[in-house]
Protein chains: 2
Amino acid sequence: MQLKKPARGHTIYFKNMPKITATGTVAGPKECAGIVGQYVDRALENDMFGESTFEKAECKMLRCAIDCAIENAGLARGRVDALFSGDLLNQIISASFAARDFEIPFLGVYSACSTMSESIMLAAAMVNAGYIKNAVAATGSHFASAERQYRYPLEQGTTRPPQAQWTVTGAGACVISARGGGAGIANATIGRVVDYGVTDVNNMGAAMAPACADTLVQHFRDTDTSPEDYDMILSGDLGALGSRILKDLCWEKGFDISCNHVDCGEIIYKVIEDEFQGGSGAGCSAVVFNSYVMSMLKSGLFRRVLFAATGALLSTVSSGQGESIPCISHAVQIETQTAARG
Amino acid sequence: MQLKKPARGHTIYFKNMPKITATGTVAGPKECAGIVGQYVDRALENDMFGESTFEKAECKMLRCAIDCAIENAGLARGRVDALFSGDLLNQIISASFAARDFEIPFLGVYSACSTMSESIMLAAAMVNAGYIKNAVAATGSHFASAERQYRYPLEQGTTRPPQAQWTVTGAGACVISARGGGAGIANATIGRVVDYGVTDVNNMGAAMAPACADTLVQHFRDTDTSPEDYDMILSGDLGALGSRILKDLCWEKGFDISCNHVDCGEIIYKVIEDEFQGGSGAGCSAVVFNSYVMSMLKSGLFRRVLFAATGALLSTVSSGQGESIPCISHAVQIETQTAARG
């Protein structure tokens with residue numbers, strides 16, 4: 001595999017390979033019944049997390065994940081130079097209120113459920129350039145706060161259509177440092193906003209798949225790699241239907257990702273009730289990536305992962321005004337030292 | 001003036017001094033009646049801007065400002081490597097929908113009315129490090145879309161209290177490039193979230209002033225500069241009352257900014273009606289900085305400006321749940337080549 005940088009790619013390269021030295025994850029009971037259950041740092045018994053509102057519970061999960069990541073990295077809070085975070089709530093209040101408690105310089109980001117990879121990208125860019133030494137990238141979501149903000153009050157008991165996904169209750173954070181052990185961030189591909197005209201707000205997977213395909217194809221072309229070069233190509237939260245669309249779109253462009261593609265939304269739940277297509281929400285990829293996937297990288301079972309979280313950039317106002325759903329996907333390439341040498 | 005970097009400052013330094021090569025600004029009729037009127041690129045006759053909704057008008061203003069900045073820089077759209085943008089609407093839809101039309105790699109940011117300086121900081125950091133060559137930083141706001149999202153429907157005719165500010169209808173963008181003429185970005189101070197417990201959502205100036213003071217004082221200490229080293233210390237949108245609080249807070253910490261401090265919100269309007277404390281909104285500092293202030297830097301009347309836009313990170317939900325208003329302010333130091341040499 002040879003890395004060459006084309007004239008006008010969308011990929012930025014991190015020569016100094018900033019390391020993900022530690023992670024922290026929190027997830028709700030429904031989430032912990034699935035694959036991530038054995039990997040998360042804190043499994044909640046109750047998704048209220050001792051708080052009086054869903055929004056406060058969401059914020060507390062995010063704080064908890066950030067705290068846990070900093071502790072796992074063995075860092076004092078004062079040595080974290082910047083926190084990159086955002087979430088799905090209006091005005092990213094979970095991230096802002098969490099940042100209030102940490103007193104760490106804070107850079108708010110928003111790209112819906114692509115926030116985890118955007119945060120990692122920006123944090124890695126700042127650390128690699130030597131501006132800062134230690135950064136934290138974090139995001140999360142909560143099923144109940146998302147439902148009542150984006151869809152219907154839970155009390156209404158609205159029936160969910162079969163193409164719907166289930167917003168993950170969980171949060172994930174990672175510490176990105178100039179020094180230390182752990183998997184490194186080799187490069188990142190900045191996504192473009194892609195809109196195929198999907199207007200069904202219950203069909204996020206179909207809306208987001210084209211944006212994810214755009215970024216993956218751009219990444220393969222920029223870095224002169226192909227799907228086989230990765231142990232895992234991890235998309236954000238396309239769910240079962242969206243994942244199938246993604247594979248088709250990539251295949252049309254000449255890239256067959258079917259062998260090593262995994263979608264966070266597709267694997268997070270034991271789909272037994274009404275999650276239908278699987279998980280979604282910023283917390284979905286945040287939990288899967290920072291628990292299960294990072295654990296695989298740490299153990300050496302994976303050597304190179306392409307992580308492309310996906311976000312739907314709609315609001316209730318934009319949908320109400322007849323707009324379709326613009327989407328985005330940012331990708332980061334994570335690899336162990338063995339892979340980097342190979 | 002000697003620049004020295006303390007062990008754990010919050011300031012990042014741009015050795016290669018990325019340049020602001022061009023700007024683009026759009027403002028509504030009320031805004032253009034004031035000081036910025038003669039400097040903006042496009043003065044609107046009507047704040048609907050030919051659109052059917054306020055939100056669509058806001059998005060169109062942002063698109064127009066970005067387009068104008070790229071054109072003024074003499075760049076082809078395809079040569080812009082990244083767009084950093086955000087706005088006040090839920091899920092930053094103005095920025096996301098504007099980005100959809102440009103097909104430029106997009107990084108969504110959110111720090112309320114501090115979005116202009118956060119965007120400039122991140123764009124400058126990426127350009128300075130050599131990741132990208134040309135970036136656009138942009139934001140905007142609209143009085144009517146902000147009123148109905150954050151406060152009351154306009155049709156209700158609610159009386160405004162005397163401590164209130166008026167959300168600016170306008171947008172501003174700038175092109176930040178590795179090469180080219182124009183004022184350079186020397187460094188940036190990343191803000192922390194500061195909350196003094198203000199709960200009055202009509203008194204944003206008082207809520208934001210402590211965050212601005214925190215960042216300014218941190219900046220002076222990190223860079224070993226004092227207020228006299230700047231031709232202008234430009235805060236975001238504190239308004240008249242907030243500006244007085246800012247000066248007091250800085251003075252308490254040993255920095256007298258009273259001689260060269262100017263607040264975008266305080267100067268943007270001819271306060272004659274019910275704007276009371278002046279302007280606010282992400283568009284306020286975006287328009288003032290990218291039109292009037294950049295023009296002063298271009299003409300050589302200013303040589304060094306410290307621009308600290310300020311943001312209140314509340315949402316209607318956080319206020320409704322009894323939370324106070326956490327605030328943030330990011331600062332960027334802009335200077336002409338003469339100042340840099342001096």
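The model is predicted: local features need pLDDT of at least 70, side-chain atom pairs count only at pLDDT 80 or more, and totals for chains, interfaces and linings use all residues. Residues are numbered from 1 along each chain as its sequence is written, chains are lettered from A and ligands numbered from 1 in the order in which they are written, and side-chain values use heavy atoms, with hydrogens and water left out.

## Symmetry and interface

A rotation of 180 degrees, with 0.0 Å of shift along its axis, places chain B on chain A with an RMSD of 0.0 Å. That is how a two-fold axis relates its copies. Val109(B) is the residue of chain B that comes closest to the rotation axis, its C-alpha being at 2.0 Å.

Contact here means heavy atoms within 4.5 Å. Of the interface residues of chain B, 100% are also interface residues in chain A, so the copies meet through the same surface.

The size of an interface is often given as the accessible area lost when the parts come together. Between chain B and chain A about 5000 Å² is buried, and carbon and sulfur atoms give 58% of it. In chain B, Arg8(B), Gln91(B) and Tyr131(B) lose the most area to chain A, together 17% of what that side buries. Buried area is the accessible area (1.4 Å probe) that two parts lose on being put together, summed over both.

Polar links also cross the interface. There are 30 residue pairs in polar contact between chain B and chain A, both residues at pLDDT 80 or more. A polar contact is a pair of N or O atoms within 3.5 Å; within protein, one must be able to donate a hydrogen and the other to accept it, and residues adjacent in sequence count only if both atoms are side-chain atoms. Helices (H or I, at least four residues) and strands (E, at least two) are DSSP runs, numbered from the N terminus.

## Salt bridges

A salt bridge is a side-chain nitrogen of Lys or Arg within 4 Å of a carboxyl oxygen of Asp or Glu. The count over all chains is 20. Four salt bridges run between chain B and chain A.

| Pair | N to O distance |
|---|---|
| Arg100(A) and Glu323(B) | 3.3 Å |
| Asp195(A) and Arg100(B) | 2.5 Å |
| Arg304(B) and Glu335(B) | 2.7 Å |

Asp195(A) sits in the loop between strand S9 (184–189) and helix H6 (204–223) of chain A, and Arg100(B) in helix H3 of chain B, so the pair joins two chains. Glu323(B) is partly exposed at 21% relative accessibility. Buried means under 20% relative accessible area, exposed over 50%, and partly exposed in between (1.4 Å probe, protein chains only).

Arg304(B) is buried at 11% relative accessibility.

A network of salt bridges links Arg63(A), Arg100(A), Asp101(A), Asp195(B) and Glu323(B).

In helix H3 (residues 93–102) of chain A, nine of the 10 residues are buried, so the helix is largely enclosed by the rest of the structure. Among the buried residues are Phe97(A), Arg100(A) and Phe102(A). The buried residues pack against helix H2 (54–72), strand S4 (82–85) and strand S5 (106–108) of chain A, together with helix H10 (316–320) of chain B. Just after H3(A), Glu103(A) has a positive phi of about 60 degrees.

In chain B, Glu103(B) also has a positive phi, about 55 degrees, although it is not a glycine. Glu103(B) is exposed, with a relative accessible area of 53%.

Ser318(A) belongs to helix H10 (residues 316–320) of chain A. Ser318(A) is buried, at 3% relative accessible area. Its side chain reaches the backbone nitrogen of Ser315(A) at 2.9 Å. Beyond neighbours within four places in sequence, Ser318(A) contacts Glu323(A), Ile93(B) and Phe97(B).

## Ala339(B)

Ala339(B) lies in helix H11 (residues 337–341) of chain B. Ala339(B) is buried, with 2% relative accessible area. Not counting residues up to four places away in sequence, Ala339(B) touches Arg303(B) and Arg304(B).

Conventions. Least-squares fit on C-alpha atoms with pLDDT ≥ 70 in both.
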